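Hi,

Here is the structure I promised to pass on.

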Amino acid sequence: MFHVAICDDIERDRRETCLILKKEMADFNMDAEFIEYENGDALLEHWEEKRTDIHLIFLDIYMPGMDGIETARRLRAAGCKAAIVFLTTTPDFAIEGYEVDAMSYLLKPLEITKLQQLLKRLSEYETPRMLTLKQGNSIYTIAPSEIVYIESNRNRLTIHTIKETFFYYGRLDELASQLPKTSFLRCHQSFLVNMDRVFVAADDFHMETGDIVPIRVRERHAIREKYFRYITEKSL
């Protein structure tokens with residue numbers, strides 16, 4: 001399920017954007033939940049406090065207080081990896097949009113054809129699926145996008161997420177097969193990393209949580225190349 005945030009200071013515009021998105025996303029068989037924010041401060045505060053699993057943000061540029069561009073800058077600085085789509089009445093901020101790795105830039109009122117092109121691009125990515133794990137009498141449901149990395153010690157797996165840590169008994173290969181192949185990378189015999197949560201790729205992966213995940217030394221160059229290719233293709 002896609003979690004979509006709509007941030008706009010005008011309630012009428014928020015509702016209109018939400019209605020259009022619901023219809024168009026349904027046409028693409030994209031299951032989505034929507035959260036509305038009336039300003040950038042509310043969106044940023046909610047994300048920083050809850051580390052909300054947001055996949056897509058529709059962000060108005062002209063808002064009182066912190067505008068959309070500054071909101072996007074702060075979200076990126078805080079580690080938010082969601083796709084950002086700017087909404088505005090003028091194309092004057094297109095260059096600033098590229099600075100924060102915006103996915104698209106749509107003019108108000110929403111042009112349906114361009115919105116459909118955007119949704120088509122999104123639908124080509126694997127639709128987010130929840131990972132469900134049963135351990136004894138406990139059942140864990142985890143969004144793959146929230147996983148930072150997974151560490152294996154024999155058959156004991158430690159699943160590090162942006163919110164908490166889970167322990168699970170099983171094989172790393174079996175768990176990897178249930179996760180999106182595009183964004184998860186086996187960088188070491190005992191580690192599986194979510195490339196969307198990498199902050200710096202050096203001799204090892206430095207994650208946005210501050211953790212350091214080792215890269216297999218003999219394959220360091222090839223593994224980093226896979227990461228850079230993924231990030232480059234995603235940005236395009």
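Below is what turned up, going from a helix to a sheet to a single residue.

This is a predicted model, so local features need pLDDT of at least 70 and side-chain atom pairs count only at pLDDT 80 or more, while totals for chains, interfaces and linings use all residues. Residues are numbered from 1 along each chain as its sequence is written, and side-chain values use heavy atoms, with hydrogens and water left out.

Helix first. In H3 (residues 68-77), Gly-68, Ile-69, Thr-71, Ala-72 and Leu-75 are buried (under 20% relative accessible area, 1.4 Å probe, protein chains only). Down the axis of H3, these buried residues fall within an arc of 160 degrees, so they line one face of the helix; the arc is taken over the directions from the helix axis to the C-beta atoms. Asp-67 caps the N-terminal end, with a side-chain oxygen 3.2 Å from the backbone nitrogen of Ile-69. Just after H3, Gly-79 has a positive phi of about 100 degrees.

Then the sheet: five strands, open, antiparallel, in the order S10-S9-S8-S12-S11 (strands pair if DSSP finds at least two bridges between them). S10 (165-169) and S11 (184-188) stand at the edges with a single partner strand each, so one side of each has no neighbour in the sheet.

Finally, Asp-196 sits in the loop between S12 (191-194) and S13 (198-201). Asp-196 is buried, at 17% relative accessible area. Leaving aside neighbours within four places in sequence, its contacts (heavy atoms within 4.5 Å) are Lys-81, Ser-183, Glu-208, Tyr-230 and Lys-234.

Cheers

Methods
Helix = DSSP H or I, 4+ residues; strand = E, 2+ residues; numbered from the N terminus. Buried < 20%, exposed > 50% of the residue type's maximum accessible area, 1.4 Å probe, protein only. Polar contact = N/O pair within 3.5 Å; in protein donor to acceptor, adjacent residues only side chain to side chain.
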